[in-house]
Amino acid sequence: MKYVKKIPPTDKTLSDELLASGWKKLKEPSNLGITTLLSIPFMLMNAVIVITIMYNLYEPFQALMDNQNFSFEFMIDLRTLLYFIGIIIFMILHEFLHACFIPGVLTSDKTYWGLNGIYGFVYTNEPIVKGRFLLISIMPFFILSIILPFILKMLGILNGYTILLCLINAMGSCVDIFNICLVIKQIPNGANIINNGFETYHKINLHRSL
């Protein structure tokens, strides 16, 4: 795994080679901006799922949601700064979980990680079987926004801040869920997937499956 400052751009030569060797290009948005815009419904859906879980797990949250007259105050101090740093760390943890499920992530010379502004990213050019691709995509949302609240509840540290972290992670997972839907709809089971910049290709019966 290599460190890079940004996600590698699309290699047009590689695109031509993939198409010539029988790979098919996934029908998907051409850039991250459009992808994010189309992912907004999934952002709302994820938020509803997490809010429903928290409503049933955390009684003070029930009171907050049931109270139609509540106010919100925001002050910038040292504690606020620490909370903000915690959010950034949680976002990096999201990407780390993606990486954990990439086969051979530590030894691969086609897998990259980096920091871009306040968020991290993990990217791979390795061919990955569809089922593993779906697993890589869903696990940060599933672990940090679905499983973690129950663990925090058992440990007695489920509170307003940890709820916020889980909710931000869920909403930030909207692009992952959108991509999952594209892959499920367009790529047959057993096919392998390769990313080339912001382009995705798939092919059945590739000899190397991860």
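**Close-ups of a predicted model**

**View 1. Valine 122 sits in strand E4.** Strands here are DSSP runs of E with at least two residues, helices are runs of H or I with at least four, and both are numbered from the N terminus. This is a predicted model: local features need pLDDT of at least 70, side-chain atom pairs need pLDDT 80 or more, and totals for chains, interfaces and linings use all residues. Residues count from 1 along each chain as its sequence is written, and side-chain values use heavy atoms, with hydrogens and water left out. Back to valine 122: leaving out neighbours within four places in sequence, its contacts (heavy atoms within 4.5 Å) are Glu95, Ala99, Ile102, Thr111, Tyr112 and Trp113. Valine 122 and methionine 1 are 121 residues apart in sequence, yet their C-alpha atoms are 9.4 Å apart in space.

**View 2. Histidine 94 in helix H5.** Is histidine 94 buried or exposed? Histidine 94 has a relative accessible area of 6%, so it goes down as buried (under 20%; exposed is over 50%, partly exposed in between; 1.4 Å probe, protein chains only). Its side chain has found a polar partner, the side chain of asparagine 169, at 2.7 Å. For such a polar contact, an N or O pair lies within 3.5 Å; within protein, one atom must be able to donate a hydrogen and the other to accept it, and residues adjacent in sequence count only through two side-chain atoms. Asn169 also turns up in the contact list of histidine 94, along with Pro140, Leu144, Ser173 and Asp176, once neighbours within four places in sequence are set aside.

**View 3. Both ends of helix H1, with aspartate 11 as the N-terminal cap.** Helix H1 covers residues 12-20. A side-chain oxygen of aspartate 11 lies 3.0 Å from the backbone nitrogen of threonine 13. Just after H1 comes glycine 22, with a positive phi of about 100°.

**View 4. An open sheet of 4 strands.** Which order do the strands take? Reading across, you get E2-E7-E6-E5, with antiparallel pairing (strands pair if DSSP finds at least two bridges between them). E2 (24-25) and E5 (128-129) stand at the edges with a single partner strand each, so one side of each has no neighbour in the sheet. Strand E6 (residues 192-196) and E7 are joined antiparallel over 5 bridges. Look for isoleucine 194: its bridge partner in E7 is tyrosine 201.

**View 5. Threonine 200, a residue of strand E7.** Threonine 200 is buried, at 7% relative accessibility. Its side chain reaches that of asparagine 195 through a polar contact of 3.3 Å. With neighbours within four places in sequence left out, threonine 200 is in contact with Lys24, Lys25, Leu26 and Glu28, and also with Ile193, Ile194 and Asn195.

**View 6. Lysine 153 on helix H6.** What about the accessibility of lysine 153? The value is 41%, so lysine 153 is classed as partly exposed. Beyond residues up to four places away in sequence, lysine 153 touches Leu57 and Leu158. Tyrosine 58 is 95 residues away from lysine 153 along the chain, but their C-alpha atoms are separated by 7.9 Å.
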